[in-house]
Amino acid sequence: MSAAPTTATASPYPYSIQIPKIDQNSIKQLDLWAALEFFRIEALIRSKEVQRLYLEGASGETLYRRHGILWDMLEGWHHHLLRSHTLEGAGIVDLDCWNKIPARSAMHVLNPCRDDDPSRFLHLQIDCAVPPTTVVKALMPVLTEKHRRISVSDKDSPHVPWPRHPKKRPPIHDVVAWISYFRCYDLRQCQGISFGKIAAIVFGPVNGKGTIAQRKKQGRYDQAERGYKSVKRLIKAAVEKKWPPDLSS
């Protein structure tokens, strides 16, 4: 079993957390269910429970068994979930992404594949040197037959690495706003900065002293506080496995 990382950084987190920048041109092409999983992971690694496991030196196997994540997430392995055109959106798990995970950790992810229902899942290694049309032609009859044999209820609930509804949108659909919320949370939780200063850092300063300027300042203050509280609720939902989360309140 692989041990947890040992490097520590600024309080209160015993490790460093980096949220990736989003390419504005790819936002509309993001798989929002994949983005929701990204935020679930970001919430979990900020939770007291995962911090405790880290400080106790818990293995990647323990963390994966409890929450379905690995210590490699601290190095940004899950950032690929915010890229456009993720294969997961089509019910395909890209095993090449796991090449970045140390062999021992990867086994905790790969082992469940061996227990999957063989009538439903097809684990392949495809040689991309073969013309794509040849590969698709060879696969089509196999996939068609397997799909035919799957029950209607299973077709309505595609098996992907996280829960998704085939017809509904995920509760988080403004990815940029939620990345700002996480920045607000980190500035407040890690550095104890006031919401007023957080608002200026995250959303930009407001110049002037008139009524309009004061309203803008108050609005950004409220936005910073709301972002902090929203992430706290998300962390709670992730730890309690109430996922997808109910963010209506």
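Visitor: How many residues does the largest nonpolar core have, and which of them have the most contacts inside it?

Guide: In soluble globular proteins, nonpolar side chains tend to be buried together. In this predicted model, the largest nonpolar core has 52 residues. Tyr15, Phe39, Trp71, Val175, Trp178, Ile198 and Leu234 are those with the most contacts inside this core.

Visitor: What does isoleucine 198 touch, not counting residues up to four places away in sequence?

Guide: With those neighbours left out, isoleucine 198 touches Cys184, Leu187, Arg188, Ile193, Phe203 and Ala224.

Visitor: Which residues make the nonpolar surface patch?

Guide: Leu122, Leu124, Ile126, Val142 and Leu143 make a nonpolar surface patch of about 390 Å². One of them, leucine 143, is found in helix 5 (residues 132–149).

Visitor: Why is leucine 143 classed as partly exposed?

Guide: The class lies between buried, under 20% relative accessible area, and exposed, over 50%. Leucine 143 is partly exposed because its relative accessible area is 41%.

Visitor: Where does aspartate 23 lie, and how is its accessibility classed?

Guide: Aspartate 23 lies in the segment before helix 1. Its relative accessibility is 44%, so aspartate 23 counts as partly exposed.

Visitor: What separation is found between the C-alpha atoms of aspartate 23 and arginine 83?

Guide: These two residues are 60 residues apart along the chain, and their C-alpha atoms are separated by 8.5 Å.

Terms used. Residues numbered from 1 in each chain as written. Predicted model: local features only at pLDDT ≥ 70, side-chain atom pairs only at ≥ 80, totals over all residues. Heavy atoms only, no water. Patch = residues over 30% accessible without salt bridge, like charges linked within 9 Å, V, L, I, M, F, W, Y side chains within 5 Å. Areas by Shrake-Rupley, 256 points an atom, 1.4 Å probe, with all protein chains shown as cover. Salt bridge = Lys/Arg side-chain N within 4 Å of Asp/Glu carboxyl O. Helix = DSSP H or I, 4+ residues; strand = E, 2+ residues; numbered from the N terminus. Buried < 20%, exposed > 50% of the residue type's maximum accessible area, 1.4 Å probe, protein only. Core = buried A, V, L, I, M, F, W, Y, C linked by side-chain atoms within 4.5 Å. Contact = heavy atoms within 4.5 Å.
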